[in-house]
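Trainee: Could you go through a structure with me? I would like to start with the overall fold and then look at some details.

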Amino acid sequence: MVREPQKENDLFYVCSLIEYIARKTKNTKKIVVEKLEKDNIKKIYELAEVYHCENIEKVSDEFIESANIKNGKYDTVSSCEYNIPTYWDIGKVYKRLIVMVNNNEEKYIETLIEVLSSWIIEKIDNYNSSMYYENPDYIYQCYIEGKVL
């Protein structure tokens, strides 16, 4: 069994937590990333192993409060006609894309901010389409080309 590198697993946790916060507050990932700011995202990444042991509801509440994230109207779940992917499922999609865009651990946070603020996230968020479960290489190529291929 091939084990995922620890830094990629930490990145996966950060992506999943951001997805969780976005769903809970009904905000886009871009808004959540802007509100959390780079320092908080870096803190979550650096302490991911610790946070991962805690209840994600509790962790999300702490960051929602400290970053003053207000409820929005961006609801990716209620309009879904099919099985809704978990925040862990979507966190894995984001993590793979971020690593493909820039596999330099030192740049994971900057790349996360760039990717989660980009146009492709809205496409992945449409759970009535197939984008979120497409092949990671396809999602990456779409991201690079700046359009759905």
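Predicted model: local features only at pLDDT ≥ 70, side-chain atom pairs only at ≥ 80, totals over all residues.

Trainee: Ok, how many helices and strands does the protein chain have?

Mentor: The protein chain has 8 helices and 0 strands, where helices (H or I, at least four residues) and strands (E, at least two) are DSSP runs numbered from the N terminus.

Trainee: And what radius of gyration does the chain have?

Mentor: The protein chain has 14 Å, which agrees with the value near 15 Å that a compact globule of 149 residues would have; the radius is taken over C-alpha atoms, and the globule rule is 2.2 Å times the number of residues to the power 0.38. Along the principal axes, the C-alpha atoms fill a box of roughly 40 × 35 × 30 Å.

Trainee: How much of the chain counts as buried?

Mentor: Of the 149 residues, 42% count as buried, meaning under 20% relative accessible area, with exposed over 50% and partly exposed in between (1.4 Å probe, protein chains only).

Trainee: Switching to α5, which of its residues are buried?

Mentor: They are Y87, I90, G91, V93, Y94, K95, L97, I98 and V99. What covers these buried residues includes α1 (6-25), α2 (29-46), α4 (56-66), α6 (108-116), α7 (120-125) and α8 (136-145).

Trainee: What span should α5 have?

Mentor: At 1.5 Å a residue, the 15 residues of α5 (residues 87-101) should span 21 Å, and the end C-alpha atoms are 21 Å apart, which agrees; the expected span is 1.5 Å times one less than the number of residues.

Trainee: New topic: what is phi of K26, and where is that residue?

Mentor: Phi of K26 is near 55°, a positive value in a residue other than glycine, and K26 is placed in the loop between α1 and α2. Most residues other than glycine have a negative phi.

Trainee: Is K26 buried, exposed or partly exposed?

Mentor: K26 counts as partly exposed, because its relative accessibility is 33%.

Trainee: And what about phi of E37?

Mentor: E37 has a positive phi of about 70° although it is not a glycine, but E37 lies in helix α2 and is exposed, with a relative accessible area of 52%.

Note on methods
Residues numbered from 1 in each chain as written. Heavy atoms only, no water. Contact = heavy atoms within 4.5 Å.
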